Every structure is written in structure tokens, then in C-alpha cells.
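The following note sets out, point by point, what a colleague may wish to check when reading this model.

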Amino acid sequence: MSTKISHTISVKHIEKSRINEVDFNNLIFGNDFTDYMFECDFRNGSWGNPTIKPFGNLSISPAAKVFHYGQAVFEGMKAYKDEQGKIWLFRPEDNFNRINKSSKRLAIPEFPKEIFFEALESMLLLDKDWIKPGFGNSLYIRPFVIATESGVSASPSSEYKFMILFSPAQAYYSGDVKVVIAEHFSRSADGGVGAAKAAGNYAAQFYPTNLAKEQGFHQVIWTDSNEHKYLEEAGTMNVFFRINDTLITAPISDRILDGITRKSLIALAKRDGITVEERRITIQELIEASKNNALKEIFGTGTAAVISPVSDFSHQQVVYHLPKISNSFATIFKTKLMEIQYNKSEDTFGWRYPVE
Ligand SMILES: *Cc1c(COP(=O)(O)O)cnc(C)c1O
């Protein structure tokens, strides 16, 4: 195999690829994994033994702290293949910095940058056939860290496992997303872990999201935990509101995840002369804008779906519908962002990262 593997990472090769078992035309997001995975253990105060090996089950003590105290963080990023077959990442340093920021908040030791990038790039080359060309096809990348020390004393683990998994993904169309504005439950709170990609943030969202689904909605728009007055995030995405031709999104805080799609969209919109306001926005302002027909769009942003338009929102049992519009910002900026990601347009911001 002609792949460039560094001497620091050991590679255990697969015997036979599983790629022919996967139906790439009918992928369910996050269900299939590639041939390889990356694993690196933290023991006696340092990260060691970085290994790329065949994807497979782990053997971990049932007393590992991750199972009892949820000491775990993760990332979500993607690799893309252009028409020449070249592989690209999008702003990967931001994901790297963010997983370490999340780790710090969860008392997990930070991971070295050189090993992260070497592991990622080496594994992408080993699994390169799993990245299908074509606009919308991608490889979803899931780095994560778990506390592996055996022992149920409530203190930070002394041992951790840093891993990277790859899952092939197709273009994702969310359809019309109906959301309900949270009036009781909260995703995060001041001083909490909302700004970290902590596994437990997701677990805590499942129950309120299930309640919303029982009422016929797809997602919850999270509000501030103090007053349930300000609009903050939509499900597991950042959220934007277009009032007339101004884009408004909540400012980054303790409670809000600093999304890479969010900040990329803000930069693209500003470059195109669109007014973007990063400020607090109340439910009241949203409802008034909706009643005055000034509210044109609501959409979520995140790596998995890029941009997901919202068709209806509900507050205090009243449903507000957003009429369909042409030339939506959601469509325009989704295309512009994807054209940069797939090397179809000039990358004036320097966001693309070649894998070779
Ligand atoms: C991951 C995530 C996002 C989106 O971040 P991207 O970097 O754009 O993928 C937004 N909100 C929450 C809560 C998240 O976990």
C-alpha cells in the first residue's frame, strides 16, 4: 500500500475491506463505519501508543468512569472529495482546538496536535475509497475522548482513550423542520457545559426532544435557562433568524456552542454585504416579526446537515408558519459553503485543508 504513514503511529492493516457490503446510495447517517479506526491511550500522565487498526469492538472495564460519570467529549467534522479525486477537510484546526477546549471543561487532558493531524490524514488515505466523489457525498469524522480508568469514585479519570471513527454520509435533506420553543427545559446554563461538545449535553436533550416529537415537532429551539426569553440554539445546531434582509444569531456564550458552520456563514454573509447581527433575540421579537411578515427565514447550521430550514415554530401552543420564499439565504449560503468545501469555488478565507 502506497500510503504515507508516520513512524509515530503504528498501523494494523485489515485483511479484507468491508466496503462492498455498504450500499452507498442508501446510507443512513452515522450507521456505517469504514475499515479503520484510530485509538490512543492516556496513561501515567501522557498520551501514547497511537494506533490505526481495523474497526471493531473495544474491551473496557464496566467500572470505567465514562459509564458512570459521563466524562466524554466529541467532535463532528467531514472530509470531501473533489472532481479530481483530491481529499479536503474544512477548517480542521477549529475542530482540533474545540475538542481540547471541551476536554478542558470536562477535566480531560488535552490531545497533541501533531498526533491528531497525522492520525486523521493517515487514516483518510487508508480509507480513501470510502469518500465518494459527488456534491453532497462526504465522510463524517467523529473524534471523541472517553474516561477509561476503572473505578467508581467520583473523581476525574487518570486514563483516557482518544479515538477517531469515519462514517460515509450522503447529502442530507431535512425536509420542512417544525420546531417548538422551549418554555421549561434547558439545553445549557450559565457556568455549565453548553459551550463544550460534551456527550451528556446530548443525553439531556433527548427527553425534551421526544416530548416535542410526540406533539408533531422535529426539534426544540432552546432558550436561555434563566427566563426562557431569548432564542439560543435549534436542536444540536446553531440558529439564525432572517428579519427582512438582516441575519440575526445569538452571540457565543457559556450556553452556546461555537459552531464552525455558524462562523463560516457569518463571514460569507458579511462578505456579500448582508447585515449580520450577533445579539440576543427574544421570542417576542420573533413573534412580532412573524406577524408583520418581516420574518423571512429561520434555519439551523451544523456540520452534518450544513443548513436546515425551519418551516414552522410553535410557542405557547400557537404555531407560526413561515411562507416559502425564493432566493432564501439558507439555499444561497448552503451552496456557497459547499462549493468551498468541495473545491468548486475560490477559497478566499483559506478554509480548505488538503489531505495528501
Ligand atoms: C456541534 C454543534 C453545533 C454545530 O457546530 P459545527 O461546528 O457547525 O458543526 C451547534 N450546536 C451544538 C449544540 C453542537 O453540539
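1. Rings of Phe, Tyr and Trp, the last by its six-membered ring, are taken as a pair if their centres lie within 6.5 Å. The model discussed here is predicted, and by this rule it holds 23 aromatic pairs. One aromatic cluster is formed by Phe38, Phe42, Trp47, Phe96, Phe111, Phe116, Phe117, Tyr160, Phe162 and Tyr353.

2. A pair of aromatic rings is described by the distance of the centres and the angle of the planes. For phenylalanine 90 and tryptophan 351, the centres are 5.6 Å apart and the planes stand at 80 degrees, so this pair is edge-to-face; the cut-off for that class is over 60 degrees. The pair connects distant parts of the chain, its two members being 261 residues apart. Phenylalanine 90 belongs to strand 6 (residues 87-90), whereas tryptophan 351 lies in the loop between helix 7 (329-341) and strand 18 (352-355). Phenylalanine 90 has a relative accessible area of 8% and is buried. Tryptophan 351 is buried too, with a value of 7%.

3. Which geometry do phenylalanine 117 and tyrosine 353 adopt as an aromatic pair? The pair is tilted, with 5.4 Å from centre to centre and 40 degrees between the planes. Distant parts of the chain are again linked: phenylalanine 117 is in helix 3 (residues 113-126) and tyrosine 353 in strand 18, at 236 residues apart. The accessibility of the partners should be noted separately. Phenylalanine 117 is buried at 8% relative accessibility, while tyrosine 353 has a relative accessible area of 23% and is partly exposed. Because buried means under 20% relative accessible area and exposed means over 50%, the 23% of tyrosine 353 places it in the partly exposed class. Phenylalanine 117 and tyrosine 353 are both among the members of the cluster named in the opening point.

4. Two lysines are placed over aromatic rings. Lysine 86 lies over the face of tryptophan 88, at 5.0 Å from the ring centre. Lysine 344 has its charged end over the ring of phenylalanine 135, and the distance to the centre of that ring is 5.4 Å.

5. As to the fold as a whole, the secondary structure consists of seven helices and 18 strands. The radius of gyration is 21 Å, which agrees with the value near 21 Å for a compact globule of 356 residues. Along the principal axes, the C-alpha atoms fill a box of roughly 65 × 55 × 35 Å. Of the 356 residues, 52% are buried. Among contacts with a separation of 6 or more, 71% are between residues 24 or more positions apart.

6. Proline 143 is in strand 7 (residues 138-147) and is buried, with a relative accessible area of 0%. Beyond residues up to four places away in sequence, proline 143 touches Phe74, Glu75, Gly76, Met77, Ile99, Phe116, Phe162, Met163 and Ile164; Phe116 and Phe162 are also members of the aromatic cluster. Serine 167 is in strand 8 (residues 160-169) and counts as buried at 2% relative accessibility. Apart from neighbours within four places in sequence, serine 167 has contacts with Gly30, Asn31, Asp32, Phe33, Ser138, Leu139 and Tyr140.

7. Strand 16 (residues 306-315) and strand 17 (residues 318-321) run antiparallel and are joined by four bridges. Serine 314 has valine 319, in strand 17, as its bridge partner. The hairpin of these strands has two residues between them, and glutamine 316 takes a positive phi near 50 degrees there.

8. Where do two asparagines with positive phi lie? Asparagine 293, with phi near 60 degrees, is in the loop between helix 6 (283-291) and strand 15 (295-302). Asparagine 327, with phi near 50 degrees, is in the loop between strand 17 and helix 7. Asparagine 293 is exposed at 55% relative accessibility, and asparagine 327 is exposed at 63%.

Key
Residues numbered from 1 in each chain as written. Predicted model: local features only at pLDDT ≥ 70, side-chain atom pairs only at ≥ 80, totals over all residues. Heavy atoms only, no water. Phe/Tyr/Trp six-rings, centres within 6.5 Å; stacked < 30°, edge-to-face > 60°. Buried < 20%, exposed > 50% of the residue type's maximum accessible area, 1.4 Å probe, protein only. Lys NZ or Arg CZ within 6 Å of the ring centre and 35° of its normal. Rg over C-alpha atoms; globule rule 2.2 N^0.38 Å. Contact = heavy atoms within 4.5 Å. Pairing = 2+ DSSP bridges.
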